[in-house]
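Welcome! Please take a moment with the sequence and the structure before reading on.

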Amino acid sequence: MQIFDVVIVGAGIAGLNTALNIPKDKKVLILCKENSWDCNTFYAQGGISVPVDEEDIELHIKDTLLAGAGLCDEDAVRVLCSEGMDAVKSLMDRGLEFDKDNEGNLLYTKEAAHSRNRILHAGGDATGRVVHLFLMQNNPHPLMYKTTVVDILKKDDRVYGVRVFHKGKFKNIYCKNLVLASGGIGSLYEFHTNSRTISADIQGLALECGCELRDMEMTQFHPTVFVNTDKARKQLLSESLRGEGAYVVNEKGERFLFDYDERGELSPRDIVSRAIFDYKQKHKGERVYLSFENFEKSFFKKRFPTIYYNLKDLGFNLPEERVPISPAFHYAMGGIKCDLDTKVANFRNLFVVGEVASTRVHGANRLASNSLLEGIVFSIRAAKAISRNDTDFSHIEFEDKNEPLFKEGDKEKKNELRKIMWDDVGIIRSREKLKSALHKVDMFIQEDIGKLLRLRLRVSKEIIKSALNRKESLGAHYIKE
Ligand SMILES: Cc1cc2nc3c(=O)[nH]c(=O)nc-3n(C[C@H](O)[C@H](O)[C@H](O)COP(=O)(O)OP(=O)(O)OC[C@H]3O[C@@H](n4cnc5c(N)ncnc54)[C@H](O)[C@@H]3O)c2cc1C
């Protein structure tokens, strides 16, 4: 029987950078659901925030804590910002290239709620794609594609591996250490910016294993998304557009964000999302747009090539034309609770990194572009913690559980769930709507459904329960009686 030293679930920035930091002579296996690029990392546009110099560390910490609205763990934020420069440098030393000016100086841009320019970007607005390709090219360990993890093999305080569904068959994969780097929860919502592989099944399995999920009510909605497409993943218009001069207008071309916050377009994204949502509700039928008229065409094409060409495919000529926008679900601040070494409480050999983890580095609201940094910094910590983790593996037999993953009617119920989450557990919440959502989810759970839908429902229920437990609005959780 094959026993891996480490199995990593997920091939985004968190999983791949964990792998990069585990020596080649270790037996490591990375698993991902579809193709390797089907992950949120690949779609990241804006960039990676990182302190520009030693002096900027304290300011970056301050900005992160302020955005987090009092819910951050300050020690975690300190780790993120003080280890960030070295972590990013370690990738640059291996050959990762960020955008530079003609003199070869790194170009830093600004995004909402950062008090200075500190966002590195690559390929203009293709940071995620460039970083992902780089990590794939430098990956020293085998990667198994089109493999869905459907169970965590666990007994007492240890995990023994995972059960996967691959090429139409179930099988167990055994390991000494397990790293969960499976991303967020986007597909639970009707409108979202996430990759289609991001559907919260690992959070659901973690719950079933007895792990604690924390801060699940803290769901971040991105304010500027083009949602009028048939695709499940909606087209994001990066925060850095507003940072560099795009603005939000109504049908008459009037800027209205200043009526909501004096920082206008540069307010934190939860404030901008709520403002747009509220404006649309008050002006039924009126559209809200992102306007790029401040940009010169050749600069725009060079700086935002992905957005330029994606929107061209959708029939928009940028920067001349404005684009109708809506907020959409974007990022999960909450996740599986772990310590600063990424270790999950009460388990000897279970680690969690990236968007699926809750280190409380983002608190109640993530500062823009801090998540790629989190993926890099905490994956290095995970690799170090694993190297110190002396787990002797004594094999135990796990019964082959082949619970059906899907059942007839699941697809319709899944879409209904996504609507419930968007309508009742979205940008502006009320106790009444949350209670109604909880009731509907409870009813679905009792039906004859497949395992993957049950996992989605369990995580949705956790989000709703956490939202009901937090009576006051805080950060991204906004509740109106
Ligand atoms: C459109 C968009 C733009 C963004 N822009 C930025 C930005 O500019 N800067 C920034 O800092 N952040 C940005 N973010 C957020 C950031 O991209 C993500 O938080 C980050 O990439 C998450 O990385 P990750 O490695 O944790 O997860 P992902 O990159 O999402 O990877 C998850 C992996 O887990 C695998 N997986 C999931 N479930 C299973 C399963 N059951 N079995 C097997 N494998 C599984 C998936 O296949 C995938 O390989 C953006 C997000 C989106 C969606």
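Here is a short tour of some features of this structure.

## Before we start

This is a predicted model, in which local features need pLDDT of at least 70 and side-chain atom pairs count only at pLDDT 80 or more, while totals for chains, interfaces and linings use all residues. Residues are numbered from 1 along each chain as its sequence is written.

Helices (H or I, at least four residues) and strands (E, at least two) are DSSP runs, numbered from the N terminus. Two strands pair if DSSP finds at least two bridges between them.

## Around the ligand

Let us begin with the ligand, which is surrounded by 46 residues. A residue counts as near if its C-beta atom, placed from the backbone, lies within 6 Å of the molecule. The closest are Gly10, Gly12, Gly46, Gly183 and Gly354. By class, the shell holds 18 nonpolar, 23 polar and five charged residues. Here Ala, Val, Leu, Ile, Met, Phe, Trp, Tyr, Cys and Pro count as nonpolar, Asp, Glu, Lys and Arg as charged, and the others, Gly among them, as polar.

The elements that give two or more residues to this shell are helix 1 (13-20), helix 2 (40-43), helix 5 (127-137), strand 7 (147-155), helix 6 (201-208) and helix 11 (370-388). Helix 11 provides the largest share, four residues.

## A hairpin

Strand 7 also takes part in a hairpin with strand 8, with two residues between them. In the turn, aspartate 156 has a positive phi of about 50 degrees. The two strands run antiparallel, and eight bridges join strand 7 to strand 8 (residues 158-166). Across this pairing, aspartate 151 stands opposite arginine 163 in strand 8.

Strand 10 runs antiparallel to strand 17 (residues 335-337), and two bridges join them. Arginine 214 faces glycine 335 of strand 17 as its opposite residue.

Another open sheet of three strands has the order 13-14-15, this time with antiparallel pairing. Its edges are strand 13 (247-249) and strand 15, each with a single partner strand, so one side of each has no neighbour in the sheet. Three bridges pair strand 13 with strand 14 (residues 289-291) in the antiparallel sense, and tyrosine 247 stands opposite serine 291 in strand 14.

## Two loops to look at

The loop between helix 10 (305-313) and strand 15 (323-324) holds proline 319. A cis peptide bond joins leucine 318 to this proline, with omega about 10 degrees.

In the loop between helix 3 (56-67) and helix 4 (74-93) you can find alanine 69. Although alanine 69 is not a glycine, its phi is positive, at about 55 degrees.

## A pair of helices

Helix 13 (residues 431-445) and helix 14 (residues 451-469) pack at an angle of about 155 degrees, with their axes 10 Å apart. Axes are lines fitted to C-alpha atoms, for helices over the stretch in contact, and angles run from 0 to 180 degrees between N-to-C directions. The angle makes helix 13 roughly antiparallel to helix 14 (angles under 35 degrees count as roughly parallel, over 145 as roughly antiparallel, 65 to 115 as roughly perpendicular and the rest as oblique).
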